[in-house]
Amino acid sequence: MKLQLNIQPISTWLNTNNEPLIISGPCSAETEEQLLTTAHLLAATGKVSVLRAGIWKPRTRPGEFEGIGSIGLEWLKRAKAETGLPTAVEVANAKHVEEALAAGVDILWIGARSTVNPFCVQEIADALRGVDVPVLVKNPVNPDLQLWIGALERINGAGITKLGAIHRGFSSFEKSSFRNEPMWELAIQLKTLCPDLPIINDPSHICGNRELIPYISQKALDLDMQGLMIESHVDPSVAWTDAKQQVTPAALSELVERLTVREPESKNEVFVDQLADLRKQIDKIDDQLLQKLGERMAIVGKIGEFKRDNQVTILQVNRWDAIMNKGISFAKALKLDLNFTEKFLELVHGESIRKQTEIMNAGKVEKGIAAETHTEVKS
């Protein structure tokens with residue numbers, strides 16, 4: 001079911017002549033000199049469409065730098081006047097919205113820590129009612145697509161039609177190379193539910209370090225995201241917040257220059273015809289895969305009945321190990337990705353366990369319902 005949002009195309013409310021769309025600026029506005037110098041250097045690259053800066057910074061623990069506060073809005077206003085760049089600021093409550101709008105901020109965004117809280121999002125939505133300003137909504141900290149969608153719906157419900165999403169990755173207990181796991185599949189699901197919704201990638205917060213930003217930036221563009229939000233600082237080594245994930249304006253320019261921008265569609269008739277033929281082949285194979293999975297699950301059902309009738313447990317660890325080992329060996333021979341193979345086999349095995357469990361306990365459930373009905377009749 002498609003997500004019903006009343007939104008305007010991004011090209012109607014933001015200059016997208018620069019390709020790709022780049023929103024950049026310091027993680028935090030620290031001093032007027034730092035912000036203005038960074039802004040001028042970014043504008044000089046000719047590759048930045050919007051200047052961003054953190055004014056209010058939600059911190060995990062008290063005592064850490066929580067942003068310069070309202071005075072930073074005046075610095076941002078001056079930076080806009082001197083460079084011509086529109087500005088963007090994160091807001092977390094109604095007061096932030098009012099002050100940012102009063103200072104002439106062009107674009108507001110809602111941070112991941114706010115998106116996770118519907119009360120917070122609703123307060124912001126209420127403050128935006130009757131205002132014509134673009135709003136970008138970051139994904140929540142935790143991987144919950146419904147929370148992300150809910151925040152977008154609340155803002156849209158307040159009459160904001162210049163609306164977009166920011167994919168900044170998700171918190172995970174598993175340690176990896178990233179500060180926040182990309183979990184691209186959630187951004188893809190959102191795009192599938194609402195194809196017209198602009199999605200901008202935030203590689204700075206996904207990576208947590210500047211070395212990985214080019215890789216994530218390219219992947220985001222290859223997934224047809226509309227742009228990138230990359231943190232930039234005149235001297236990242238002395239940044240007050242998130243120093244490791246910020247790049248200099250010169251490094252940003254070089255990074256953007258090296259990105260390959262691809263089109264989602266092609267007008268080349270030969271390409272279109274060949275792609276259509278290859279997709280037909282994929283569709284045929286997908287149909288065969290599903291048919292074989294259906295046949296496999298039918299046999300799983302028979303095994304479940306056989307185990308039930310002979311009082312045998314559902315799980316046999318040795319059998320599962322044998323399936324996994326055989327599958328991985330076969331995958332290597334076929335040059336399939338081993339991580340993908342493991343996940344696929346685990347999904348199939350999980351569904352087999354679920355189906356056998358359902359068969360094993362079907363009689364008990366029916367008896368339980370019958371007993372409950374009998375008790376109700378007696379009472």
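On the surface, Phe-330, Leu-334, Leu-336, Phe-340 and Phe-344 make up a nonpolar patch with about 520 Å² of accessible area together (Shrake-Rupley method, 1.4 Å probe, only the protein chains shown counting as cover; patch residues have over 30% relative accessible area and no salt bridge, with nonpolar side chains joined within 5 Å and like charges within 9 Å). Keep in mind that this is a predicted model, where local features need pLDDT of at least 70, side-chain atom pairs count only at pLDDT 80 or more, and totals for chains, interfaces and linings use all residues. Residues are numbered from 1 along each chain as its sequence is written, and side-chain values use heavy atoms, leaving out hydrogens and water.

**Patch**
- Leu-334 sits in the loop between α12 (317–333) and α13 (338–378) (helices are DSSP runs of H or I, at least four residues; strands are runs of E, at least two).
- Leu-334 is partly exposed, at 48% relative accessible area (buried is under 20%, exposed over 50%, partly exposed in between, with a 1.4 Å probe and protein chains only).

**Salt bridges**
- The count is 16 salt bridges (a Lys or Arg side-chain nitrogen within 4 Å of an Asp or Glu carboxyl oxygen).
- Arg-52 pairs with Glu-231, their closest N and O atoms being 3.7 Å apart; Arg-52 lies in strand β2 (residues 50–52) and Glu-231 in strand β8 (residues 227–231), so the pair ties together parts 179 residues apart in sequence.
- Both Arg-52 and Glu-231 are buried.
- Lys-292 bridges to Glu-295, with closest N and O atoms 3.4 Å apart; the two are three residues apart in helix α11, about one helical turn.
- Glu-32, Arg-78 and Glu-82 are linked in a salt-bridge network.
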